[in-house]
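Subject: Handover of a structure, with notes

Dear colleague,

Please find below the structure that I am handing over to you. My notes on it follow directly after.

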Amino acid sequence: FAIQGLQPGEVPSLEGMAAFMKPDDFARMLAAIQQAAGDAQPYSLQFEITSADGTRKWIRSIGNPVLSEGRVVRIDGAFQDITELHQVEESSRKTNQIFLSFFEVTPDLFFVLEKDGRIIDFRSRNVAKLYIQPEDLIGKRVTELLPPDVGTQFAQAIKQAYATRAN
């Protein structure tokens with residue numbers, strides 16, 4: 001139980017786990033265990049704990065009912081420290097929110113293109129004002145959508161951007 005910051009051999013009871021958890025999270029875990037015992041269905045929860053030394057950690061708690069003669073006889077479970085994963089996901093959410101906020105105030109379109117100029121994603125502040133439906137953009141090359149002279153310029157710029165990126 002190193003996750004909780006306990007010494008080797010110290011194993012808290014289920015109720016002893018409450019000391020490390022927020023009351024709502026402990027209640028959710030108890031409900032998941034009871035449901036697993038009643039329905040013979042596994043569970044997986046994520047919640048934050050505070051270890052014995054005061055360190056805050058994100059934990060995944062999983063439980064798998066073990067059956068004997070069609071009845072749940074025990075639930076095998078484990079805790080996994082997912083603090084780093086949670087931090088990466090939170091950072092990604094914040095970065096994505098900044099990215100999306102940028103497009104909410106930008107009147108232009110933004111395209112994500114493959115090397116061949118194929119559109120794989122885009123952002124627009126107002127999709128309703130597009131002259132082409134969004135589903136008709138994805139998968140198309142810019143040269144298919146733009147007038148030939150403009151499409152050629154775009155294709156050259158894309159080629160140059162990828163060549164610059166390689167250096």
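This is a predicted model: local features need pLDDT of at least 70, side-chain atom pairs count only at pLDDT 80 or more; totals for chains, interfaces and linings use all residues.

Residues are numbered from 1 along each chain as its sequence is written, and side-chain values use heavy atoms, with hydrogens and water left out.

The three-stranded sheet

Helices (H or I, at least four residues) and strands (E, at least two) are DSSP runs, numbered from the N terminus. Two strands pair if DSSP finds at least two bridges between them. An open sheet contains 3 strands in the order E1-E2-E3, and their pairing is antiparallel. Strand E1 (43-50) and strand E3 (71-81) are the edge strands, each pairing on one side only. From one strand to the next, the twist averages 25°; axes here are lines fitted to C-alpha atoms, for helices over the stretch in contact, and angles run from 0 to 180 degrees between N-to-C directions. Strand E2, residues 56-68, pairs with E3 over 10 bridges in the antiparallel sense. Val66 stands opposite Arg74 in E3.

The helix across the sheet

Helix H1, residues 23-39, lies across E1, E2 and E3 and runs at about 155° to E1. Its 17 residues should span 24 Å at 1.5 Å a residue, and the end C-alpha atoms of H1 are 24 Å apart, which agrees; the expected span is 1.5 Å times one less than the number of residues.

The buried residues of H1 are Asp25, Phe26, Met29, Ala32, Ile33 and Ala36. They cover an arc of only 120° around the axis, which puts them on the same side of H1; the arc is that of the directions from the helix axis to the C-beta atoms. Buried means under 20% relative accessible area, exposed over 50%, and partly exposed in between (1.4 Å probe, protein chains only). These buried residues of H1 pack against E1, E2 and E3, where contact means heavy atoms within 4.5 Å. Pro23, Asp24, Gln34, Gln35 and Gly38, on the other side of H1, are exposed. Just after H1, Ala40 takes a positive phi of about 55°.

The hairpin of E4 and E5

Strand E4 (residues 109-113) pairs with strand E5 (residues 119-124) in the antiparallel sense over 5 bridges. Their hairpin has 5 residues between the strands, and in it Gly117 takes a positive phi near 85°.

Aromatic pairs

Rings of Phe, Tyr and Trp (its six-membered ring) pair if their centres lie within 6.5 Å; planes under 30 degrees apart count as stacked, over 60 as edge-to-face and the rest as tilted. By this rule the count comes to 2 aromatic pairs.

The ring centres of Phe47 and Phe79 are 6.2 Å apart and the ring planes stand at 90°, so this pair is edge-to-face. The pair links distant parts of the chain, with Phe47 in strand E1 and Phe79 in strand E3, 32 residues apart. Phe47 is buried, at a relative accessible area of 1%, whereas Phe79 is partly exposed, at 24%.

The rings of Phe111 and Phe122 have their centres 6.2 Å apart and their planes at 35°, so the pair is tilted. Phe111 lies in strand E4 and Phe122 in strand E5, so the pair ties together parts 11 residues apart in sequence. Phe111 counts as partly exposed at 31% relative accessibility, while Phe122 is buried, with a relative accessible area of 10%.

With kind regards
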